[in-house]
Amino acid sequence: MADSLQMEVRKAFCEIGRRIWQKDYVASNDGNFSYRLEENLVVATPTMISKGFMQPEDMVLVDLEGNQVGGHRRLTSEIRMHLFIYRERPEVRCVVHAHPPHAVAFAIARKPVPRCVLAEAEVNLGPVPIAPYATTGTWEFARSIAPWVKNHDAFLLASHGAVVVGHDPFDAFYRLETLEQYARILMLAMQLGEVNTLDLAAMEDLLRLKERIGSADPRRHGDTPVCGNEVRPTPAVWQPGKMSFERTDAPITDAPKASPLAPPQEARERNLFARPDIEEATRETLRRLGIE
Ligand SMILES: [Zn+2]
(Lines give C-alpha, C1' and ligand atoms only; values in the text may rest on other atoms or scores of the structure.)
Protein backbone atom coordinates (compact mmCIF):
# COMPACT_ATOMS: atom_id res chain seq x y z
CA MET A 1 0.00 0.00 0.00
CA ALA A 2 1.27 3.46 -0.82
CA ASP A 3 2.41 5.68 2.00
CA SER A 4 -0.13 8.11 3.33
CA LEU A 5 0.26 11.68 2.17
CA GLN A 6 1.58 12.58 5.63
CA MET A 7 4.33 9.97 5.43
CA GLU A 8 5.26 11.12 1.90
CA VAL A 9 5.59 14.67 3.22
CA ARG A 10 7.72 13.55 6.20
CA LYS A 11 10.07 11.72 3.82
CA ALA A 12 10.14 14.66 1.42
CA PHE A 13 11.14 16.98 4.29
CA CYS A 14 14.06 14.67 5.08
CA GLU A 15 15.13 14.73 1.43
CA ILE A 16 14.87 18.49 0.87
CA GLY A 17 16.45 19.00 4.31
CA ARG A 18 19.46 16.99 3.20
CA ARG A 19 19.76 19.01 0.00
CA ILE A 20 19.30 22.35 1.78
CA TRP A 21 21.99 21.46 4.33
CA GLN A 22 24.38 20.14 1.67
CA LYS A 23 23.91 23.26 -0.40
CA ASP A 24 24.75 25.48 2.60
CA TYR A 25 21.34 27.06 2.71
CA VAL A 26 21.32 26.48 6.48
CA ALA A 27 23.88 26.11 9.26
CA SER A 28 23.44 24.38 12.59
CA ASN A 29 19.71 23.92 13.32
CA ASP A 30 18.54 26.75 11.07
CA GLY A 31 15.46 26.65 8.88
CA ASN A 32 12.03 25.07 9.01
CA PHE A 33 9.54 23.51 6.60
CA SER A 34 5.82 22.86 6.86
CA TYR A 35 3.02 21.36 4.80
CA ARG A 36 -0.73 21.78 5.25
CA LEU A 37 -2.25 18.31 5.33
CA GLU A 38 -5.80 19.39 6.08
CA GLU A 39 -7.56 22.70 6.58
CA ASN A 40 -6.48 22.81 10.24
CA LEU A 41 -3.54 20.39 10.36
CA VAL A 42 0.04 21.13 9.44
CA VAL A 43 3.07 18.82 9.59
CA ALA A 44 6.32 20.67 10.29
CA THR A 45 9.99 20.21 11.04
CA PRO A 46 10.76 20.57 14.76
CA THR A 47 13.06 23.04 16.46
CA MET A 48 16.66 22.18 17.41
CA ILE A 49 17.47 19.72 14.67
CA SER A 50 19.86 19.89 11.73
CA LYS A 51 17.80 19.80 8.57
CA GLY A 52 20.43 17.57 7.02
CA PHE A 53 19.86 14.67 9.39
CA MET A 54 16.14 14.34 10.00
CA GLN A 55 14.06 11.19 10.16
CA PRO A 56 10.36 11.05 9.21
CA GLU A 57 9.40 10.46 12.86
CA ASP A 58 11.05 13.74 13.92
CA MET A 59 8.25 15.86 12.43
CA VAL A 60 5.58 17.51 14.56
CA LEU A 61 1.91 18.30 13.96
CA VAL A 62 0.36 21.69 14.65
CA ASP A 63 -3.05 23.28 14.16
CA LEU A 64 -3.59 26.72 12.64
CA GLU A 65 -3.79 28.28 16.09
CA GLY A 66 -0.22 27.18 16.80
CA ASN A 67 -1.06 24.31 19.19
CA GLN A 68 1.20 21.30 18.86
CA VAL A 69 -1.06 18.29 18.38
CA GLY A 70 1.47 15.55 17.64
CA GLY A 71 5.09 14.51 17.56
CA HIS A 72 7.61 13.91 20.32
CA ARG A 73 9.92 16.79 19.44
CA ARG A 74 9.21 20.46 20.01
CA LEU A 75 7.58 22.88 17.62
CA THR A 76 9.59 25.85 16.32
CA SER A 77 8.35 29.33 17.22
CA GLU A 78 8.98 30.35 13.60
CA ILE A 79 5.96 28.21 12.68
CA ARG A 80 3.98 31.39 13.24
CA MET A 81 5.08 32.74 9.88
CA HIS A 82 4.04 29.49 8.19
CA LEU A 83 0.61 29.62 9.86
CA PHE A 84 0.21 33.25 8.87
CA ILE A 85 0.86 32.29 5.24
CA TYR A 86 -1.62 29.36 5.35
CA ARG A 87 -4.29 31.66 6.71
CA GLU A 88 -3.70 34.24 4.00
CA ARG A 89 -3.15 31.82 1.12
CA PRO A 90 -5.61 28.90 1.04
CA GLU A 91 -3.95 27.52 -2.10
CA VAL A 92 -0.48 27.28 -0.53
CA ARG A 93 0.37 23.81 0.75
CA CYS A 94 4.04 24.12 1.66
CA VAL A 95 6.29 26.77 3.24
CA VAL A 96 10.08 26.51 3.40
CA HIS A 97 12.33 28.86 5.38
CA ALA A 98 16.13 28.80 5.16
CA HIS A 99 19.17 31.09 5.10
CA PRO A 100 20.67 30.76 1.60
CA PRO A 101 23.72 33.02 1.82
CA HIS A 102 23.68 34.96 -1.45
CA ALA A 103 19.97 35.67 -1.19
CA VAL A 104 20.30 36.63 2.47
CA ALA A 105 23.14 38.99 1.56
CA PHE A 106 20.58 41.06 -0.36
CA ALA A 107 18.37 41.03 2.75
CA ILE A 108 21.28 42.19 4.92
CA ALA A 109 22.34 44.90 2.50
CA ARG A 110 18.63 45.84 2.10
CA LYS A 111 19.39 45.78 -1.59
CA PRO A 112 16.30 45.06 -3.67
CA VAL A 113 16.48 42.02 -5.95
CA PRO A 114 16.38 43.44 -9.50
CA ARG A 115 13.94 42.06 -12.05
CA CYS A 116 13.99 41.52 -15.81
CA VAL A 117 17.47 40.01 -15.71
CA LEU A 118 17.18 36.22 -15.89
CA ALA A 119 14.32 34.33 -17.57
CA GLU A 120 14.11 31.50 -15.05
CA ALA A 121 13.89 33.92 -12.15
CA GLU A 122 11.04 35.79 -13.82
CA VAL A 123 9.00 32.63 -14.31
CA ASN A 124 9.83 30.76 -11.09
CA LEU A 125 10.21 33.61 -8.62
CA GLY A 126 8.62 36.85 -9.70
CA PRO A 127 9.20 39.97 -7.60
CA VAL A 128 10.92 39.25 -4.27
CA PRO A 129 10.07 41.75 -1.53
CA ILE A 130 12.31 42.34 1.49
CA ALA A 131 10.20 42.26 4.66
CA PRO A 132 11.21 44.57 7.53
CA TYR A 133 13.19 43.07 10.38
CA ALA A 134 11.36 41.63 13.40
CA THR A 135 12.46 39.39 16.26
CA THR A 136 12.34 35.80 15.12
CA GLY A 137 9.43 33.65 16.25
CA THR A 138 7.10 36.50 17.28
CA TRP A 139 3.79 37.27 15.62
CA GLU A 140 5.35 40.56 14.54
CA PHE A 141 7.94 38.43 12.70
CA ALA A 142 5.16 36.34 11.15
CA ARG A 143 3.32 39.44 10.00
CA SER A 144 6.38 41.17 8.58
CA ILE A 145 5.54 39.76 5.14
CA ALA A 146 1.87 40.86 5.39
CA PRO A 147 2.00 43.58 2.74
CA TRP A 148 3.13 41.10 0.08
CA VAL A 149 1.96 37.69 1.27
CA LYS A 150 -1.19 37.57 -0.86
CA ASN A 151 0.48 37.52 -4.24
CA HIS A 152 4.19 36.77 -3.88
CA ASP A 153 5.85 33.36 -3.66
CA ALA A 154 9.32 34.25 -2.35
CA PHE A 155 10.25 36.69 0.40
CA LEU A 156 13.49 37.90 1.93
CA LEU A 157 13.48 38.72 5.64
CA ALA A 158 15.71 41.66 6.51
CA SER A 159 18.86 40.60 8.38
CA HIS A 160 17.57 37.04 8.63
CA GLY A 161 16.67 34.71 5.77
CA ALA A 162 14.35 33.66 2.97
CA VAL A 163 10.85 32.17 2.83
CA VAL A 164 9.27 30.50 -0.17
CA VAL A 165 5.90 28.85 -0.75
CA GLY A 166 4.84 26.04 -3.06
CA HIS A 167 2.35 23.33 -3.89
CA ASP A 168 4.51 20.65 -2.30
CA PRO A 169 7.95 20.35 -0.64
CA PHE A 170 9.86 19.99 -3.89
CA ASP A 171 8.02 22.85 -5.59
CA ALA A 172 9.00 25.10 -2.66
CA PHE A 173 12.57 23.77 -2.59
CA TYR A 174 13.05 24.41 -6.31
CA ARG A 175 11.86 27.99 -5.79
CA LEU A 176 14.41 28.40 -3.01
CA GLU A 177 17.13 27.04 -5.30
CA THR A 178 16.14 29.48 -8.04
CA LEU A 179 16.22 32.38 -5.54
CA GLU A 180 19.67 31.50 -4.25
CA GLN A 181 21.14 30.81 -7.68
CA TYR A 182 19.67 34.04 -9.04
CA ALA A 183 21.17 36.04 -6.15
CA ARG A 184 24.56 34.42 -6.76
CA ILE A 185 24.47 35.08 -10.51
CA LEU A 186 23.49 38.70 -9.89
CA MET A 187 26.49 39.17 -7.61
CA LEU A 188 28.83 37.66 -10.19
CA ALA A 189 27.40 39.89 -12.94
CA MET A 190 27.70 42.94 -10.68
CA GLN A 191 31.36 42.13 -10.17
CA LEU A 192 31.82 42.07 -13.94
CA GLY A 193 30.35 45.53 -13.90
CA GLU A 194 27.22 45.27 -15.98
CA VAL A 195 23.76 43.81 -15.48
CA ASN A 196 21.79 43.96 -18.71
CA THR A 197 18.03 43.76 -18.59
CA LEU A 198 15.43 42.14 -20.81
CA ASP A 199 13.20 44.48 -22.77
CA LEU A 200 9.48 44.78 -22.09
CA ALA A 201 8.49 42.67 -25.11
CA ALA A 202 10.64 39.78 -23.87
CA MET A 203 9.19 40.24 -20.40
CA GLU A 204 5.64 40.20 -21.75
CA ASP A 205 6.40 36.80 -23.33
CA LEU A 206 7.80 35.46 -20.07
CA LEU A 207 4.86 36.67 -18.00
CA ARG A 208 2.45 35.13 -20.50
CA LEU A 209 4.39 31.86 -20.28
CA LYS A 210 4.19 32.02 -16.50
CA GLU A 211 0.44 32.51 -16.69
CA ARG A 212 0.08 29.58 -19.09
CA ILE A 213 1.77 27.24 -16.63
CA GLY A 214 -0.72 28.31 -14.00
CA SER A 215 1.41 30.65 -11.95
CA ALA A 216 0.07 34.08 -11.07
CA ASP A 217 2.43 37.05 -11.10
CA PRO A 218 1.55 40.24 -9.23
CA ARG A 219 2.84 42.28 -12.15
CA ARG A 220 0.01 41.03 -14.37
CA HIS A 221 -2.75 42.24 -12.08
CA GLY A 222 -1.28 44.71 -9.63
CA ASP A 223 0.61 47.92 -9.97
CA THR A 224 4.09 46.57 -9.28
CA PRO A 225 6.17 47.64 -12.30
CA VAL A 226 7.33 44.84 -14.59
CA CYS A 227 11.00 45.76 -14.23
CA GLY A 228 13.03 47.75 -11.73
CA ASN A 229 13.34 47.17 -8.00
CA GLU A 230 10.10 48.37 -6.51
CA VAL A 231 7.75 45.74 -5.04
CA ARG A 232 4.50 47.45 -4.16
CA PRO A 233 2.41 46.14 -1.31
CA THR A 234 -1.08 44.86 -1.98
CA PRO A 235 -3.51 47.04 -0.03
CA ALA A 236 -5.76 45.56 2.64
CA VAL A 237 -3.99 42.26 2.83
CA TRP A 238 -3.74 42.01 6.55
CA GLN A 239 -6.39 43.53 8.77
CA PRO A 240 -5.23 43.79 12.36
CA GLY A 241 -7.61 42.30 14.87
CA LYS A 242 -9.52 40.25 12.34
CA MET A 243 -7.46 37.11 12.64
CA SER A 244 -8.41 34.81 15.45
CA PHE A 245 -4.88 34.25 16.66
CA GLU A 246 -4.47 38.00 16.76
CA ARG A 247 -6.31 38.02 20.07
CA THR A 248 -3.88 35.73 21.80
CA ASP A 249 -0.23 36.39 21.53
CA ALA A 250 0.51 33.65 24.02
CA PRO A 251 3.65 31.66 23.37
CA ILE A 252 3.22 28.60 21.27
CA THR A 253 2.99 25.49 23.42
CA ASP A 254 6.50 24.74 24.54
CA ALA A 255 5.92 21.51 26.43
CA PRO A 256 6.79 18.52 24.34
CA LYS A 257 3.81 16.26 23.91
CA ALA A 258 4.25 12.74 25.19
CA SER A 259 2.38 11.29 22.26
CA PRO A 260 4.46 9.13 19.93
CA LEU A 261 4.52 9.71 16.23
CA ALA A 262 0.97 10.53 15.32
CA PRO A 263 -0.80 7.76 13.47
CA PRO A 264 -0.56 8.26 9.75
CA GLN A 265 -3.44 9.76 7.89
CA GLU A 266 -6.07 7.33 6.78
CA ALA A 267 -4.21 5.36 4.16
CA ARG A 268 -5.31 6.53 0.78
CA GLU A 269 -4.20 5.47 -2.62
CA ARG A 270 -3.37 8.71 -4.31
CA ASN A 271 -0.66 10.35 -6.27
CA LEU A 272 2.21 11.90 -4.40
CA PHE A 273 1.20 15.40 -3.40
CA ALA A 274 -2.01 15.27 -5.35
CA ARG A 275 -3.89 18.35 -4.33
CA PRO A 276 -7.20 17.41 -2.75
CA ASP A 277 -9.90 19.97 -3.03
CA ILE A 278 -9.35 21.66 0.29
CA GLU A 279 -9.61 25.16 -1.02
CA GLU A 280 -13.33 25.56 -0.44
CA ALA A 281 -13.08 23.96 3.00
CA THR A 282 -10.27 26.33 3.91
CA ARG A 283 -12.20 29.33 2.65
CA GLU A 284 -15.15 28.23 4.75
CA THR A 285 -12.90 28.08 7.81
CA LEU A 286 -11.48 31.50 7.08
CA ARG A 287 -15.02 32.84 6.70
CA ARG A 288 -15.99 31.30 10.03
CA LEU A 289 -12.96 32.91 11.62
CA GLY A 290 -14.07 36.22 10.17
CA ILE A 291 -10.94 36.60 8.08
CA GLU A 292 -12.69 36.85 4.74
ZN1 LIG B 1 15.55 31.66 10.24
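Reader: What's the mean pLDDT here?

Author: This is a predicted model, and its mean pLDDT is 84, with 79% of the residues at 70 or more.

Reader: OK, on to H1. What should its 18 residues span, and what do the end C-alpha atoms say?

Author: At 1.5 Å a residue, H1 (residues 5-22) should span 26 Å. Its end C-alpha atoms lie 26 Å apart, so the two agree.

Reader: Which H1 residues are buried?

Author: Among them are Leu-5, Val-9, Phe-13, Ile-16, Ile-20 and Trp-21. Glu-8 and Arg-10 of H1 are buried too.

Reader: What follows H1?

Author: Asp-24, which has a positive phi, near 70 degrees.

Reader: Switching to H3 and H6: at what angle do they pack?

Author: About 70 degrees, with the axes of H3 (residues 101-109) and H6 7 Å apart. That falls in the 65 to 115 range, so H3 and H6 are roughly perpendicular to each other.

Reader: Left-handed or right-handed crossing?

Author: H3 passes H6 in a left-handed crossing.

Reader: Which residues make the contact?

Author: From H3, His-102, Ala-103, Ala-105 and Phe-106. H6 brings Leu-179, Glu-180, Ala-183, Arg-184 and Met-187.

Notes:
Residues numbered from 1 in each chain as written. Predicted model: local features only at pLDDT ≥ 70, side-chain atom pairs only at ≥ 80, totals over all residues. pLDDT = per-residue confidence, 0-100. Helix = DSSP H or I, 4+ residues; strand = E, 2+ residues; numbered from the N terminus. Expected span 1.5 Å × (residues − 1). Buried ≥ 20, exposed ≤ 12 C-beta atoms within 10 Å, placed from the backbone. Axes fitted to C-alpha atoms, helices over the stretch in contact; angles between N-to-C directions. Parallel < 35°, antiparallel > 145°, perpendicular 65-115°, else oblique. Left-handed = near helix turned anticlockwise from the far one by under 90°. Contact = placed C-beta atoms within 7 Å.
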